Amino acid sequence: MKTNKAIIFDLDGVIVDTAKYHFIAWKKIAADLGVKFTIEDNEQLKGVSRIQSLEKILEMGSKKLSQEEKDQLLKAKNEHYLSLISNMDESEILPGISKLLDDLDAEKIPYALGSASKNAKRILNTLGLIHRFKGIVDGTHVTKAKPDPEVFLIASEMLQYHPLNCIVIEDSVAGIQAANSVGMTSIGIGDKKVLFEADFILENTSFLDLNFIKKI
Ligand code: B16
Ligand code: MG
């Protein structure tokens, strides 16, 4: 194990603004079910797996569905989401991220991906970023979703860095809790009223740069 720091990036809401597309697709599912679903409700779905997101929407509307009905909705949601992101390109990489990756490479600070999304590799491919990460851990690798730290622990093993030497960059409450639970340093991207459990909070990714990382 090395002693300096390594970085674990969340994907949706940190590297790329797919959170807005997840919201559009879930809002349609909720509307079809007759469940009120606001942008504030959507915070609870960030970083949360696809199935758990649906369960939360059903809970919000006190709805009960069969497994078959749930499977149909999950399929419909993902198809809609994939159609929304089909035209995505490098221009949707969030501000500061490309420069930060370049700077991390120059400083030989390793980084991995720790995302709940089963579409992570497809998205990284579209963005031309897939070969840059030392490890990619996504929703297809884990049995337990955030706030369980499994996704980040696998990423720290791939990086061969002790969890205490990993810095997690996350936009979700569940992801911040996952990182904190194993002593990783958490940087929250978003609203400080929502992400108050994070060790550091930045309003958006444009404030994220090598100097900030080095000061940690
Ligand atoms: P998918 P992250 C998460 O990705 C999203 O924040 C969350 O909204 C989504 O439900 C989850 O991925 C599953 O995504 O349906 O593509 O498998 O933020 O952990 O990168
Ligand atoms: Mg996220």
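## Ground rules

Since the model is predicted, local features need pLDDT of at least 70 and side-chain atom pairs count only at pLDDT 80 or more, while totals for chains, interfaces and linings use all residues. Residues are numbered from 1 along each chain as its sequence is written, chains are lettered from A and ligands numbered from 1 in the order in which they are written, and side-chain values use heavy atoms, with hydrogens and water left out.

Let's start with the helices. Two packed helices are described by the angle between their axes and the distance between the axes. Here, axes are lines fitted to C-alpha atoms, for helices over the stretch in contact, and angles run from 0 to 180 degrees between N-to-C directions. Helices (H or I, at least four residues) and strands (E, at least two) are DSSP runs, numbered from the N terminus.

Helix α3 (residues 50-60) packs on helix α4 (residues 67-85) at an angle of about 115°, and their axes are 10 Å apart. That makes α3 and α4 roughly perpendicular to each other (the term covers 65 to 115 degrees; under 35 is roughly parallel, over 145 roughly antiparallel and the rest oblique). On the α3 side, the contact (heavy atoms within 4.5 Å) is made by Arg50, Ile51, Leu54, Glu55 and Leu58, and α4 brings Lys70, Leu73, Leu74 and Asn78. Sorted by class, the contact of α3 with α4 has 5 nonpolar, 1 polar and 3 charged residues. Ala, Val, Leu, Ile, Met, Phe, Trp, Tyr, Cys and Pro count as nonpolar, Asp, Glu, Lys and Arg as charged, and the others, Gly among them, as polar.

Helix α1 (residues 19-33) meets α4 too: their axes come within 9 Å and cross at roughly 140°. This crossing is right-handed. The α1 residues involved include Tyr21, Trp26 and Leu33, and those of α4 include Leu73, Leu74 and Tyr81. The contact of α1 with α4 has 12 nonpolar, 2 polar and 2 charged residues.

## Salt bridges

The structure holds 12 salt bridges, each a side-chain nitrogen of Lys or Arg within 4 Å of a carboxyl oxygen of Asp or Glu. Lys146 and Glu170 pair up at 2.6 Å, N to O. Lys146 sits in the loop between β3 and α7 (150-159) and Glu170 in strand β4 (residues 166-170), 24 residues apart, so the pair links distant parts of the chain. Lys146 has 2% relative accessibility and counts as buried; Glu170, at 0%, is buried as well. Buried means under 20% relative accessible area, exposed over 50%, and partly exposed in between (1.4 Å probe, protein chains only). Asp10 joins Lys146 and Glu170 in a network of salt bridges.

Asp102 and Arg132 meet at 2.9 Å, N to O. Asp102 lies in helix α5 (residues 97-106) and Arg132 in the loop between α6 (120-126) and β3 (135-137), so the pair ties together parts that are 30 residues apart in sequence. Asp102 is partly exposed at 42%, and Arg132 is partly exposed at 28%.

## A loop residue

Thr140 is found in the loop between β3 and α7 and counts as exposed, at 52% relative accessibility. Its C-alpha atom is separated by 9.6 Å from that of Ser115, 25 residues apart along the chain.

Methods: A crossing is left-handed if the near helix is turned anticlockwise from the far one by less than a right angle, and right-handed if clockwise.
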